[in-house]
Amino acid sequence: MPYTREHKARTHERIVSEAARAFRVEGLDGVAVGEVMGRVGLTHGGFYAHFPSKDALVAAACARSMDEQGERLTAKARKAPDGDGLRAIIEAYLDARHRDAPGAGCTIPALAAEIARASDEVRDAFTSAFTGYVSRIEPFLPATLDGAATEQQDRVDTALVLLAELAGAILLARAVSDPALSDRILAAARTFSLRAFADNTATTARSADQLAE
C-alpha cells in the first residue's frame, strides 16, 4: 500500500529536523546521509524519495534551523517588557545553555565556516535564511540612536553587525579549552553587546502590536 502524501510530508520533516540537529553537532562532513536516515528509522535508499542529493538536504536543514532559531529569539523578545526585546535576544543568545547545546542552537557559529566552502546550492539557501534571520532581528533595534532617528537600512546594517558579534562570541566560547575563559568570553560579549546595542534607548522601531501581526 503506497504511503499518503501526508505521511511523506511528515517523514520529510523528520529527516530535515534530524539532519539540522546532527549537522550542527557533528558538522556537514561528520554525518552521512545513511546515518541521518538511520536515526529516523529509515533506510539509505529511501532518502532519494525526498532529496536528490546531500546538498539538497543540507540546504533544507540550514533553512530550517535558521528559521527556528530566529523564531525562538524573537518569541523571547516579544515576551519581554516593552523596550527590552533586544536585551532579551542578546541575553538568550549569549547564554551558557546556548553555548553548550549546539544541536539546538544557531547555525551560524556551528556551520558558517563549513558553509563558506560548500556548494552554491547550500550557500544560496544559507544566504536566504540568513537574510530572513536579519529581518526578524531588525525590528527590535532602536528607532533612535544617540538622540537621532535611524533609517531602516541603518537598523539592518546594525543587525548584521550584532549577529556577527553574537555568533563570533559563541564560536570562540565553544572553541577554547579553558572553561573559565569560555565563560569570560560570553560575559564580556554580553556586557559589550548590551551596552552597544540595547542600552541606547527603550524605543523600538515598531510597536509590539505590529510585531505580533
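Let me start with a term: on a 1 Å grid over the protein atoms alone, a pocket is an open set of points with protein on both sides within 12 Å along at least five of seven lines. A cavity, on that grid, is a set of points where a 1.4 Å probe fits but cannot get out. Lining residues have an atom within 4 Å of a point. Points are joined across faces, edges and corners, and a volume is the space filled by probe spheres set on them.

Now the ground rules. This is a predicted model, where local features need pLDDT of at least 70, side-chain atom pairs need 80 or more, and totals for chains, interfaces and linings use all residues. Numbering runs from 1 along each chain as its sequence is written, and side-chain values use heavy atoms, without hydrogens or water.

The overall picture, then. The protein has ten helices and two strands. Those are DSSP runs numbered from the N terminus: H or I over at least four residues for helices, E over at least two for strands. The order is α-α-α-α-α-α-α-β-β-α-α-α. Of the 213 residues, 40% count as buried, meaning under 20% relative accessible area with a 1.4 Å probe, protein chains only.

On to the largest pocket. It holds about 260 Å³ of space. The largest share, four residues, comes from α3. Among the lining residues are Gln69, Arg72, Tyr93, Asp95 and His98. By class, we have five nonpolar, three polar and four charged. Here Ala, Val, Leu, Ile, Met, Phe, Trp, Tyr, Cys and Pro count as nonpolar, Asp, Glu, Lys and Arg as charged, and the others, Gly among them, as polar.

Next, the cavities. There are two of 30 Å³ or more. Which element gives the most to its lining? Helix α3, with four residues. Both α1 (5–26) and α3 supply at least two. The lining includes Phe23, Arg24, Val58, Cys62 and Leu111. Its classes split into seven nonpolar, one polar and one charged.

One last residue. Threonine 74 sits in helix α3. Is Threonine 74 buried or exposed? Buried, with a relative accessible area of 2%. Leaving out residues up to four places away in sequence, Threonine 74 touches Arg136 and Phe140, where contact means heavy atoms within 4.5 Å.

Key. Buried < 20%, exposed > 50% of the residue type's maximum accessible area, 1.4 Å probe, protein only.
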